[in-house]
Amino acid sequence: MSNEKHDNNLKDTRDRRKRVEKIKNGIIIAIFTSIIVSIIAIIGLVISIINMIGLSNRLEKLEGGSSSVSAISDVTAVDNTDKSNIIAPDSGEVAKVYLTFDDGPSSNTDAILDTLSKYNVKATFFLVAKDDDASKDKIRRMQNEGHSIGIHSYSHKYSDIYESPDAFKNDVNLMGNYLESVIGYKPKLYRFPGGSGNKVTNVDIRECISFLNSQDIKYYDWNVSSGDSASNAYTSDELVENVMKDVLKYKTSVVLLHDADSKTATVEALPALIEALKAANAEILPITDDTPTVQHVKVQ
């Protein structure tokens with residue numbers, strides 16, 4: 001009996017040890033699983049925070065001023081595959097070049113207008129709202145000197161402009177009304193902030209395009225960029241080179257430039273750019289109703 005009792009005690013001891021071991025293993029596995037899940041959750045949270053900070057900074061930069069508003073413009077994919085717009089080699093066809101300035105008026109506007117006047121060149125200005133009298137006088141000078149005037153934005157804030165279809169319509173209407181109060185009419189030319197192919201809009205850009213079409217407003221993107229949207233990224237000579245390396249390829253070249261307080265290199269580059277275009281026998285024109293459209297996104 002004693003041996004049997006001893007064996008039973010031994011078996012009970014072993015069973016208890018096995019149960020304890022299982023419990024220990026279960027606890028260890030549970031702790032390990034919790035740690036792994038926590039690590040994954042923390043990594044996910046960190047990634048989300050980084051993405052949110054990145055988006056916030058991106059929008060903040062876009063809203064912070066004209067120099068950064070168009071920063072997205074230069075990275076937007078531009079479809080230059082339209083073979084009908086390519087000048088055939090040795091064709092003798094004259095390139096038509098449309099110099100366009102976004103974001104004005106600014107402290108540099110008068111210098112830009114002085115240069116255009118000196119060379120008897122007309123350009124196109126896509127404007128934002130400025131309430132001071134000096135800015136309004138600059139807009140009137142653009143009109144009086146024969147330049148084309150278009151709508152760029154009233155608020156100049158991507159998060160406001162592209163918040164919803166109604167917000168977009170409101171921005172366009174506000175800017176149209178503003179310009180009508182300054183120059184006596186609502187322009188029928190438009191440039192999307194960031195271009196029609198921008199990547200920050202919260203709305204379907206086709207809805208925006210449909211609205212513009214309903215208002216008989218024609219929008220223009222660009223197929224040649226000077227690169228001046230990035231502050232101090234290029235010297236004035238480099239800005240000229242950026243334009244001239246592409247501009248003579250096309251029958252219609254719409255050149256992206258900026259009229260903003262920080263764009264002194266653009267002001268310095270303009271005389272040399274005009275002289276280079278004239279030396280290449282390019283025809284420099286303002287955008288009108290007859291100008292072929294250059295658009296990144298089209299609605300059929």
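**Exercise 1. Find what share of the chain's contacts with a separation of 6 or more joins residues 24 or more positions apart.**

Solution. A contact is counted when heavy atoms lie within 4.5 Å. Among contacts with a separation of 6 or more, 81% are made by residues 24 or more positions apart. The model is predicted, and local features need pLDDT of at least 70, side-chain atom pairs count only at pLDDT 80 or more, while totals for chains, interfaces and linings use all residues. Residues are numbered from 1 along each chain as its sequence is written, and side-chain values use heavy atoms, with hydrogens and water left out.

**Exercise 2. Describe the largest nonpolar core and the surroundings of Phe192.**

Solution. A nonpolar core is a set of buried Ala, Val, Leu, Ile, Met, Phe, Trp, Tyr and Cys residues joined through side-chain atoms within 4.5 Å, where buried means under 20% relative accessible area, exposed over 50% and partly exposed in between, with a 1.4 Å probe and protein chains only. The largest core has 53 residues, and Leu99, Phe168 and Phe192 have the most contacts inside it. Its largest share, 7 residues, comes from helix α6 (residues 165–183), helices being DSSP runs of H or I with at least four residues and strands runs of E with at least two, numbered from the N terminus. Leaving out residues up to four places away in sequence, Phe192 touches, among others, His152, Tyr162 and Phe168.

**Exercise 3. Decide whether Tyr185 is buried, partly exposed or exposed.**

Solution. Tyr185 sits in the loop between α6 and β4 (189–190). Its relative accessible area is 34%, so Tyr185 is partly exposed.
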